[in-house]
Amino acid sequence: LSAGRVVLAGSNNATGDGDKPDIRDAVLTSILSAEPEDDWNPRTNAIRGLGLTVVSNALCTLEIGDLSATGKMHEPPFRVVESYLSHVDGRFGLDLLNVLMDCLSKAQENMHNSCLAAQCLHVLCRSSKKVKNAIQDQGGKDVAVVTLGVARCTSLRLQKATEQLLPSLGTRIPAMVITCCKS
């Protein structure tokens with residue numbers, strides 16, 4: 001739980017007024033630094049995947065830690081998530097939700113990063129109605145449905161992550177998605 005707070009808030013307290021911002025920024029740089037034309041580069045994808053893994057694990061740890069502390073499911077600590085998204089925008093001038101949606105939409109090129117993006121988006125949706133609405137406004141439902149179609153042809157792990165994301169967005173899981181899958 002402490003490590004999750006350090007990755008997301010830059011400190012071990014809920015406010016994010018911390019003494020470890022370098023850790024948070026290093027993880028964010030690994031996710032945000034790749035240029036679109038570098039997406040084909042295996043090194044870029046591996047570094048982005050590492051950053052997505054760390055953020056996904058941190059978000060899930062906060063959610064699980066909250067469950068074990070209270071004995072019932074609660075939203076992830078709202079202030080940590082909101083502070084994290086605000087920090088990304090202020091420090092890097094980028095919208096992390098856009099980056100995660102872009103990773104999710106590239107399921108055919110990189111299923112691993114797409115799966116991690118789906119896991120991050122799922123927890124972020126559960127953390128805040130504001131975040132959920134922002135993802136919906138960016139076409140999150142449509143991207144998730146298309147990703148589910150790709151996942152059903154290629155990856156059970158991605159399929160499960162996307163099937164968790166869709167209800168978080170307020171969408172029923174479609175019985176059949178028609179899409180063109182690469183062989």
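Modeller: A residue is called buried when its relative accessible area is under 20% and exposed when that area is over 50%, and a residue in between is called partly exposed. The model we are discussing is a predicted one.

Biologist: With that in hand, is glutamate 163 buried, exposed or partly exposed?

Modeller: The relative accessible area of glutamate 163 is 22%. Buried residues have to be under 20% and exposed ones over 50%, so glutamate 163 counts as partly exposed.

Biologist: Which side chain meets that of glutamate 163 in a salt bridge?

Modeller: The N to O distance in this salt bridge is 3.9 Å, and the partner of glutamate 163 is arginine 152. Glutamate 163 belongs to helix 9 (residues 156–168) and its partner to helix 8 (residues 140–154), so the pair ties together parts that are 11 residues apart in sequence. The partner counts as partly exposed, at 29% relative accessibility, and the name asked for is arginine 152.

Biologist: Stepping back to the whole chain, how many helices are there?

Modeller: The chain has 0 strands, and its elements, followed from the N terminus, run α-α-α-α-α-α-α-α-α. The number of helices is therefore 9.

Biologist: What percentage of the contacts with a separation of 6 or more lies between residues 24 or more positions apart?

Modeller: The chain has 183 residues, of which 46% are buried. Among the contacts with a separation of 6 or more, the share joining residues 24 or more positions apart is 65%.

Biologist: Which residue forms a salt bridge with glutamate 82?

Modeller: The closest N and O atoms of this pair are 3.9 Å apart, and the partner of glutamate 82 is lysine 130. The two residues link distant parts of the chain, 48 residues apart, since glutamate 82 sits in helix 4 (residues 78–92) and its partner in helix 7 (residues 129–137). Glutamate 82 is buried, with a relative accessible area of 17%, whereas an exposed relative accessible area of 61% belongs to lysine 130.

Biologist: Which residue's side chain meets that of aspartate 102 in a salt bridge?

Modeller: Aspartate 102 is partly exposed, at 32% relative accessibility. Its salt bridge has an N to O distance of 3.1 Å, and the partner is likewise partly exposed, with a relative accessible area of 22%. The residue that meets aspartate 102 is lysine 106.

Biologist: And how many salt bridges does the structure hold?

Modeller: The pairs discussed here include aspartate 102 with lysine 106 and glutamate 82 with lysine 130. For the structure, the number of salt bridges is 4.

Terms used:
Residues numbered from 1 in each chain as written. Predicted model: local features only at pLDDT ≥ 70, side-chain atom pairs only at ≥ 80, totals over all residues. Heavy atoms only, no water. Helix = DSSP H or I, 4+ residues; strand = E, 2+ residues; numbered from the N terminus. Buried < 20%, exposed > 50% of the residue type's maximum accessible area, 1.4 Å probe, protein only. Contact = heavy atoms within 4.5 Å.
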